[in-house]
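Hello,

Here is the structure I promised to pass on to you. Have a look at it first, and then read my notes below.

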Amino acid sequence: MTSVRRRGSARLAAAVMASGLIAAGAIAAAGPAVADDAVPSQGGATAALGGLKVADQAVIHQEGGQDQKVGAGLFEMTVDGGGTLQTYCIDIHNPTQRQAQYQEVPWSSSSLHDNADAGKIRWILQNSYPQVNDLSKLAETAQAGTLTEKTAAAGTQVAIWRYSDHVNVEAADPEAEKLADYLEKSAKDLEEPKASLTLDPAAVSGKSGDRLGPITVNTDAQNVTVTPAPAAAASGVKVVGKDGKPVTSAVSGTELFFDVPSGTPDGSTSLTAQATTTVPVGRAFASETKSQTQILAGSSESTVSATATANWAKEGAIPAVSAEKNCAKGGVDITATNEGDESFTFELAGVKHTIEAGKSETVTIPVKEDQAYDFTITGPNGFKKTFSGVLDCKTAGIPSGGSDEPSSEPSPATAGGSSDGSSDGSSDGSAGGAGDGGDLAETGSSNATPVIAGIAVALLAVGGGTVFFLRRKKAAGSAE
C-alpha cells in the first residue's frame, strides 16, 4: 500500500451528526417585511440522490485492528428538469439519505475547500471509469488484469477516498485494488472545473428609471434561455442587454440588465436563466439534509439554472442582498449592497452596521458544522430575503464501533453501504451494469436509510462576544 493509504486515522475525529438547532441571528432593517422573494441559489444543477448500483466491496482499516466493509462505486442522481448524473462519494463516513436534494456547488462551499488533493481527485475522475469506459484499455493501463464495471467503479471510488478522506481503505477485489493503486500513484493536480451556470452578481439594486446591473452569465452551455418573473412584465420592467434591447437568450459572457421605467412603483422582481448542458466532471454536489457530499463523474445532457433578483425604489436606501457558504471561515457570507442615495442600516446580534450609498459590506456569520441556519434580512419598501441551509464543510471522520456489514440505520457506519447485504452494494437487488445514456453507467441505491424528515430551524440571539468578519467592498455595482 502506498504512503497516502497508510496515513492512518490521525486526522479523523469521531463523527458528530447534527442533532440540535443552529440558530442564526436575524438581520433586520427599518421598514415592513411584507413579501419574501425567491432566494437565488449559486446556480447550476439541482438533483435528487437515487443510489448505488455499479459497485463492489471495499474495506476500511481502522485503528485498533477493526475493519469495516462498505459498498464502493457509482451513485446516480436525477436532475430537476431532466437529466442524469453519476457521482462518487467524497465523505466516506457520512450516511446517504435516499432522495436527498443536492445542489451543484464550488469546492469552496464543500469539504474540498481545504483539501490540497482536490485537484488529484479530478484527475482520477477524468482518467477512470466511467469517463474511460473501455475497461480492457483501463485494465491494461493500470496492469489490473480484468476489470468489470463493478470493480472499475470500486477501484475508482477507493482511490478517490484516499484523497478526499485520507483513509486507509482497500478494494476487496484484487484487480480493483490494482486500479486504485495506479490511480492514486498517477494522479496529478488539476484546477477546479467551472460551474455549469451562474449569474454574477445574484442580486442587484438601483433607482427606478435606470438599468440595474450588469448581471453576467457564466456557463459552458451553448445557449441560455432568459425568462423574467411574471411580475416584471406586469410592472413594465424588462430584461435587456447592453444595447437596451429585450433579451430572451444569452451565451457565456452576456451582460443582462433590469430596465425599470421611470415612475415604476418601488418593488422587486427576478429573472431565471436556464440551459441544457453536460455538467463538468469534478463539480461538487452538497445536500441540505446532511447526506454525504458527492463529486461528479459523468453527466447526461441536464437542465441547469440560476436566478438573479432586482430591487428598486425612487429614493432612499435601496439594498441588494446575496448569501454564500464560506467553508474557509466556517460560516455564511451575507453581502449587502446599497445603490440608493441614503445609508442603509441594519442590526445583527445587537450590532448595527451602516452601508453608505454606493457601498457594499459582507458579514460572515459563524455557523457550527452540521448545523442548520436561517437568516432573514428586511429593508425598506417591503424588502425581505431569507437564507437557510446546513453548513457541511468537513468530512465526518471515523465512526465509533464498526461491523463487517453496513447497517441499514442512518449512521456513519452505512457510508456507501448496502442495506440488504448484497455484495454488489445495491439495496434494490440489482446487479449493476451499463446504462443507456452516453458514458453513464447504470446506478442504484446505497442503502435504505430514510429521508431526513426535516431540518428544524430556529433563531438564536447571539451574544455580544460573537466574532463577525467584515470586509468593505468597492462602490457602484461591485456586489459579489
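In what sense do β11 and strand β15 (residues 267-277) pair, and over how many bridges? β11 and β15 are antiparallel partners, with 4 bridges between them. Helices (H or I, at least four residues) and strands (E, at least two) are DSSP runs, numbered from the N terminus, and two strands pair if DSSP finds at least two bridges between them.

Before you go further, please keep in mind that this is a predicted model, in which local features need pLDDT of at least 70, side-chain atom pairs count only at pLDDT 80 or more, and totals for chains, interfaces and linings use all residues. Residues are numbered from 1 along each chain as its sequence is written, and side-chain values use heavy atoms, with hydrogens and water left out.

Look for Leu199, which stands opposite Val217 in β10.

**A loop residue**

Ser208 lies in the loop between β9 (203-207) and β10. Is Ser208 buried or exposed? Its relative accessibility is 15%, so Ser208 counts as buried; buried means under 20% relative accessible area, exposed over 50%, and partly exposed in between (1.4 Å probe, protein chains only). Apart from neighbours within four places in sequence, the residues in contact with Ser208 include Val260, Pro261, Trp312 and Lys314, where contact means heavy atoms within 4.5 Å.

**Helix α3 and the cores**

Helix α3 (residues 149-164) has 16 residues and spans 22 Å from its first C-alpha to its last, close to the expected 22 Å at 1.5 Å a residue (the expected span is 1.5 Å times one less than the number of residues). Since 14 of its 16 residues are buried, α3 is largely enclosed by the rest of the structure. Just after α3 comes His166, with a positive phi of about 50°.

The largest nonpolar core has 85 residues, of which Tyr88, Tyr129, Trp161 and Phe258 touch the most other members. The helix α3 gives the most to this core, with 8 residues. A second, separate core of 19 residues includes Ile334, Ile355, Val367 and Ile377. A nonpolar core is a set of buried Ala, Val, Leu, Ile, Met, Phe, Trp, Tyr and Cys residues joined through side-chain atoms within 4.5 Å.

**The disulfide**

How many disulfides are there? The count is 1 disulfide, where a disulfide is a pair of cysteine sulfur atoms within 2.5 Å. Cys327 and Cys393 are the two residues joined, at 2.1 Å from S to S. The torsion about their S-S bond is about -70°, so this disulfide is left-handed. The pair links distant parts of the chain, 66 residues apart: Cys327 is in the loop between β19 (319-326) and β20 (331-338), and Cys393 in the loop between β25 (384-390) and β26 (458-459). Cys327 is buried at 6% relative accessible area, and Cys393 is buried at 4%.

Enjoy exploring!
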